[in-house]
Amino acid sequence: MSHKTLGDRVTGELRMLLIAGRLGSGEKLSLRRVAEALGVSMMPVREAVSRLAADGALEVLPGRAVRVPVLTLAQFRELTRLRLLVEGFAAEEAARVADEAGIEVLAGHEAAFQRAARAALPDAAAAVAANRELHFALYRSAGMPSLVEMIERLWLKAGPILNLDMRHEPRRLDGGSAVVAHAALLDALRRRDAAAARAALVADISAAAAHIESTGRLAP
């Protein structure tokens with residue numbers, strides 16, 4: 001495997017961990033452990049960290065320590081505003097062009113989300129994964145790969161705090177705002193109602209953002 005391919009692979013792995021919230025806000029990374037886990041040398045790991053630091057998804061501290069940035073309230077609010085615009089647009093486009101098969105894929109992810117959330121012992125990790133799959137299946141169904149890339153860049157920064165919050169707040173899973181918003185979104189998609197699809201997606205993002213702000217986990 002070429003050095004370039006290794007660097008791309010490690011970057012991709014770390015991107016997915018960030019988007020999925022497997023790396024939480026403020027968490028430090030051991031580059032050696034990352035290299036060992038992926039079976040690569042330190043060089044492609046450092047290369048991946050440099051790329052992600054350039055995107056603002058990781059930060060290199062004095063002494064070459066690496067951590068997931070801790071978002072300030074202002075940064076989080078800026079990200080939320082951008083997500084409302086970009087992801088809301090994606091929901092509109094998806095409502096206009098998604099086919100029945102694509103909508104049923106989304107419905108499957110929502111069913112998985114509800115199973116995980118409503119289990120006797122809620123499975124937060126599975127719910128977070130299903131929620132992420134639902135969102136990105138929606139965005140991909142808009143048929144705009146560049147738009148999906150833009151959204152991934154936003155989730156690189158927002159994912160660690162968004163998904164960490166859902167993992168630590170299981171009461172938000174069962175019957176919470178996400179369940180209501182997902183149901184409204186699927187209904188809008190089936191009716192090909194672009195405005196309603198955007199409204200449902202905006203409600204989903206807004207409710208999660210408001211809750212996160214209320215927890216006090218964001219830096220001043």
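On one side of helix H2, the residues Arg32, Arg33, Glu36 and Ala37 are exposed, where exposed denotes a relative accessible area over 50%, buried one under 20%, and partly exposed the range in between, computed with a 1.4 Å probe on protein chains only. The model is a predicted one, in which local features need pLDDT of at least 70 and side-chain atom pairs count only at pLDDT 80 or more, whereas totals for chains, interfaces and linings use all residues. Residues are numbered from 1 along each chain as its sequence is written, and side-chain values use heavy atoms, with hydrogens and water left out.

Helix H2 covers residues 31-38, and in this helix Leu31, Val34, Ala35 and Leu38 are buried. Seen down the axis of H2, the buried residues fall within an arc of 100°, so they line one face of the helix; the arc is that of the directions from the helix axis to the C-beta atoms. Helices (H or I, at least four residues) and strands (E, at least two) are DSSP runs, numbered from the N terminus. Glycine 39, which comes just after H2, takes a positive phi of about 70°.

The packing of helices is considered next. Two packed helices are described by the angle between their axes and the distance between the axes. Axes are lines fitted to C-alpha atoms, for helices over the stretch in contact, and angles run from 0 to 180 degrees between N-to-C directions. For helix H5 (residues 100-117) and helix H6 (residues 124-141), the axes come within 8 Å and cross at roughly 165°, and H5 and H6 are therefore roughly antiparallel to each other. Angles under 35 degrees count as roughly parallel, those over 145 as roughly antiparallel, those of 65 to 115 as roughly perpendicular, and the rest as oblique. The crossing in which H5 passes H6 is left-handed, a term used if the near helix is turned anticlockwise from the far one by less than a right angle, with right-handed used if it is turned clockwise. On the H5 side the contact (heavy atoms within 4.5 Å) is made by Val105, Leu106, His109, Glu110, Ala112, Phe113 and Ala116, and on the H6 side by Ala126, Ala127, Ala130, Asn131, Glu133, Leu134, Ala137 and Leu138. These residues divide into 11 nonpolar, 2 polar and 2 charged, with Ala, Val, Leu, Ile, Met, Phe, Trp, Tyr, Cys and Pro counted as nonpolar, Asp, Glu, Lys and Arg as charged, and the others, Gly among them, as polar.

Helix H5 also meets helix H8, and the axes of H5 and H8 come within 11 Å and cross at roughly 165°. That angle makes H5 roughly antiparallel to H8, and H5 passes H8 in a left-handed crossing. In this contact Ile103, Glu104, Leu106, Ala107, Glu110, Phe113 and Gln114 of H5 meet Ala178, Val179, His182, Leu186, Leu189 and Arg190 of H8, which by class gives 8 nonpolar, 2 polar and 3 charged residues.

Helix H8 (residues 177-190) is in turn packed with H9, their axes coming within 8 Å and crossing at roughly 165°. H8 and H9 are therefore roughly antiparallel to each other, and the crossing of H8 past H9 is left-handed. Ser177, Ala178, Ala181, His182, Ala184, Leu185, Ala188 and Leu189 in H8 meet Ala196, Ala197, Ala200, Asp204 and Ala207 in H9, and the contact of H8 with H9 has 10 nonpolar, 2 polar and 1 charged residues.

Most residues other than glycine have a negative phi, and most peptide bonds are trans. Arginine 192, in the loop between H8 and H9, has a positive phi of about 60° although it is not a glycine, and arginine 192 is partly exposed, with a relative accessible area of 36%. Arginine 64, found in the loop between strand S2 (59-60) and strand S3 (66-67), likewise has a positive phi, near 70°, and arginine 64 is exposed at a relative accessible area of 63%.

Glutamate 27 lies in the loop between helix H1 (3-19) and strand S1 (28-29) and counts as partly exposed at 35% relative accessibility. Leaving aside its neighbours within four places in sequence, glutamate 27 is in contact with Arg22, Val66, Arg67 and Val68. From C-alpha to C-alpha, glutamate 27 and arginine 192 are 41 Å apart in space, and they are 165 residues apart in sequence. Arginine 217 is placed in the segment after helix H9 (194-215) and is partly exposed, with a relative accessible area of 32%.
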